[in-house]
Amino acid sequence: MSKASRRRLSALRILARLTVILLCLGLAALLAFHQQIPDVAGLGLILDNLAPWLGLGILVLLLMTIAVGGRGTYVALLVPTVVWGVLFGPESLPSAAVDGKDTLVVASQNVHQDAVTSARALAGSGAEVITLQELGEGQIDLVTDELKPSHPYYYSVSTVGLWSSYPLSNPEPLDLGLGWDRALRADVETGSGPVRVYAVHAASARPTGHDERDTMLASLADYVEKDPSSKVIAAGDFNATSTDRHFAPVAEQLDDVHYSAWGPAMTWPRSPFAMLGIDHVMVRGIAGTSLERIPAGDSDHYALRASVDLADD
């Protein structure tokens, strides 16, 4: 190989390494600042909700780094790796199970046509409080009949229902800024004292529009902020992952119950390759919690089963 050819090859290698370094830094910036990217044509919505999956880019960059070599590229690869680990690593670690005499078990699912089968499965899982969303015509009565022996107390508005083994008090419909009811709250009178439970079905979010969902999330956060209850649980389909910028007001008021298995609790679409964790069980004033994911009924959403320790700290 001639000297000129060697110089060209060396220059190409340097260019390739600089390209990989820039890609590493760019991915790190995208991970860290995805919520600051303008939501033009739904780009912000897509990036926010798929943010944890951007970590797959690290694997691609690793292959590129191996191919081009160079100490600087390996150092650069550490930057997005560390950023991903800081942002998403903690929620990918499993939490310890909660089990005690003051434990309340809450289950939630966005159901489909077979709401009764979902309700039966969740009751069979030991859930004492069950909230179902997207209930069709006549399904509330069918679910109520099915759960009457074990969950005789219930309250529903529109397509959202709440069934409980414990008495309910102070039930209230919530429109969350839409002008029609799509959520509710009630006090569950447990043996460890009252717990304020919110059952929520946020409006859909699509790249073409998500204003109604954003309004509902902001309104829910406002309700919870003004709620004087010492123990609060909010469960349902929020149509937003925890990394969505419009979920932030809710996350400032409530803590997501941590998944008991490895990785985040992806609930939609229901398959071995669920992509988004848009269903949540969230709490305030409750320290010990754990969360399971359950396939119930014919829904395209996984159900969530949360165990919360109501014992005072």
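**Salt bridges in this predicted model**

A search of the whole structure turns up 10 salt bridges, each one a side-chain nitrogen of Lys or Arg within 4 Å of a carboxyl oxygen of Asp or Glu. This is a predicted model, where local features need pLDDT of at least 70, side-chain atom pairs count only at pLDDT 80 or more, and totals for chains, interfaces and linings use all residues. Residues are numbered from 1 along each chain as its sequence is written, and side-chain values use heavy atoms, with hydrogens and water left out.

**A network and one of its pairs**
- Salt bridges link Glu-172, Arg-185, Asp-187, Arg-196 and Asp-227 in a network.
- Within it, Arg-196 and Asp-227 meet through their side chains at 2.9 Å, N to O.
- This pair links distant parts of the chain, 31 residues apart: Arg-196 sits in strand β7 (residues 193–201), and Asp-227 in the loop between α7 (211–226) and β8 (232–237).
- Helices (H or I, at least four residues) and strands (E, at least two) are DSSP runs, numbered from the N terminus.
- Arg-196 and Asp-227 are both buried, meaning under 20% relative accessible area, while exposed is over 50% and partly exposed lies in between (1.4 Å probe, protein chains only).

**A pair of buried partners**
- Arg-213 and Asp-214 form a salt bridge, with their closest N and O atoms 2.7 Å apart.
- Both Arg-213 and Asp-214 are buried.

**A strand-to-strand pair**
- The side chains of Glu-292 and Arg-305 join in a salt bridge at 2.6 Å, N to O.
- Here too the pair links distant parts of the chain, with Glu-292 in strand β11 (residues 289–294) and Arg-305 in strand β12 (residues 303–309), 13 residues apart.
- Arg-305 counts as buried because its relative accessible area is 14%.
- Glu-292, at 37% relative accessibility, is partly exposed.
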